[in-house]
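Work through the exercises below with the structure open beside you. Each task is followed by a solution in steps.

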Amino acid sequence: MNSILNYDFYNNEMQKGLSDKLFFMKNEDILKNVRTIMDYGCADGALIQEMSALYPSINFVGFDLDEEMVRQANLRKIDKAYFFDNFEKAKKKMDVDAILCSSVIHEVYSYGTKESIDLFWNNLNNGNHDYIIIRDMSMSKDDPANETLDMKMLNNVLKYGDSNQVREFENIWGRFRTTSDIIHFLFKYRYTDNWKREVEENYFPVFNEDYDKLIDMSKFEKIYHEHYLLPYQKEIILKDFNVEIKSKTHVKMIFKRR
């Protein structure tokens, strides 16, 4: 795994979608029943800080494998929030009502082994928590972008994109064969300071339709599901490359224990 070279840039990029990441706090079921939330893959604690300011009655536990991220999160000194780089220690701190996975699942697949990926889903499916909240990048199996190649989009990427980035992306992921390959690149190119890390990540490891197989639906029911294109991504790609993304690329879901 390539390390994060510029934590400030990385964390600032993550914070741009904070309002979208807080979608679940508008859910009446969550507001009524949740008193402690674990942010699984909490990074520097920015999302917890935002939630804590808006909902001071809720307790938070942050978990992240990156010790530097946990250090930065602790520096925030957020009231009623605790941060750990060990999952077992994190869940023992207090009873967790909901586990939040925001922009973390693609990293689990990018950097994990089969065993650690299985452990991740085991952590979500088992335990005493009543809610699983997911927000991440995800495309549909039946999206035409998986089978076709938009030549205008490809030509504009080659015209306006950084040739070194294009070459390094293709060295890892192969030549652009489909529109979804191009979308994958277009979601990465802005991470210039941490490019070596980002270019190797698989942004779309789980199809939208497959979450119902990964979450144990005998234990949980889905009470919210939205598959959509993040407006910020659409706008900045249109501005930089003069192409319009039409695919749905993000998913937001809430699962509740039956």
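A residue counts as buried when its relative accessible area is under 20%, and as exposed when that area is over 50%. The model used here is a predicted one.

**Exercise 1. Packing of H10 and H11**

Task: Describe how helix H10 (residues 163-173) packs with helix H11 (residues 179-186).

Solution. 
- Step 1. Read them off. For H10 and H11 the angle is about 125 degrees, and the axes are 11 Å apart.
- Step 2. Classify the angle. Angles of 65 to 115 degrees count as roughly perpendicular and those over 145 as roughly antiparallel; H10 and H11 are therefore oblique to each other.
- Step 3. List the contact residues. H10 supplies Gln 165, Val 166, Phe 169 and Trp 173, which meet Asp 181, His 184 and Phe 185 of H11. By class, the residues of this contact are four nonpolar, two polar and one charged.

**Exercise 2. Aromatic pairs**

Task: Classify the ring pair Phe 169 and Phe 176, then the pair Phe 185 and Trp 195.

Solution. 
- Step 1. Start from the total: the whole structure holds 15 aromatic pairs.
- Step 2. In the pair Phe 169 and Phe 176, the ring centres are 5.4 Å apart and the planes are at 15 degrees, so this pair is stacked. Both Phe 169 and Phe 176 are buried.
- Step 3. In the pair Phe 185 and Trp 195, the centres are 6.3 Å apart and the planes are at 75 degrees, so this pair is edge-to-face.
- Step 4. Phe 185 is in helix H11 and Trp 195 in helix H12 (residues 195-198), so the pair ties together parts 10 residues apart in sequence.
- Step 5. Check burial. Phe 185 has 0% relative accessibility and so counts as buried; Trp 195, at 6%, counts as buried too.

**Exercise 3. Surroundings of two residues**

Task: Which residues does Val 157 touch, leaving out those up to four places away in sequence? Which does Asp 181 touch on that basis?

Solution. 
- Step 1. Val 157 lies in helix H9 (residues 151-160). Its relative accessible area is 1%, so Val 157 is buried.
- Step 2. Val 157 touches Val 166, Ile 182, Phe 185, Leu 186 and Phe 241.
- Step 3. Take Phe 241 from that list: it is 84 residues from Val 157 along the chain, and their C-alpha atoms are separated by 6.5 Å.
- Step 4. Asp 181 lies in helix H11. At 19% relative accessibility, Asp 181 falls under the cut-off and so counts as buried.
- Step 5. The contacts of Asp 181 are with Phe 169, Arg 175 and Phe 176.

Terms used:
Residues are numbered from 1 along each chain as its sequence is written. This is a predicted model: local features need pLDDT of at least 70, side-chain atom pairs count only at pLDDT 80 or more; totals for chains, interfaces and linings use all residues. Side-chain values use heavy atoms; hydrogens and water are left out. Axes are lines fitted to C-alpha atoms, for helices over the stretch in contact, and angles run from 0 to 180 degrees between N-to-C directions. Helices (H or I, at least four residues) and strands (E, at least two) are DSSP runs, numbered from the N terminus. Angles under 35 degrees count as roughly parallel, over 145 as roughly antiparallel, 65 to 115 as roughly perpendicular and the rest as oblique. Contact means heavy atoms within 4.5 Å. Ala, Val, Leu, Ile, Met, Phe, Trp, Tyr, Cys and Pro count as nonpolar, Asp, Glu, Lys and Arg as charged, and the others, Gly among them, as polar. Rings of Phe, Tyr and Trp (its six-membered ring) pair if their centres lie within 6.5 Å; planes under 30 degrees apart count as stacked, over 60 as edge-to-face and the rest as tilted. Buried means under 20% relative accessible area, exposed over 50%, partly exposed in between (1.4 Å probe, protein chains only).
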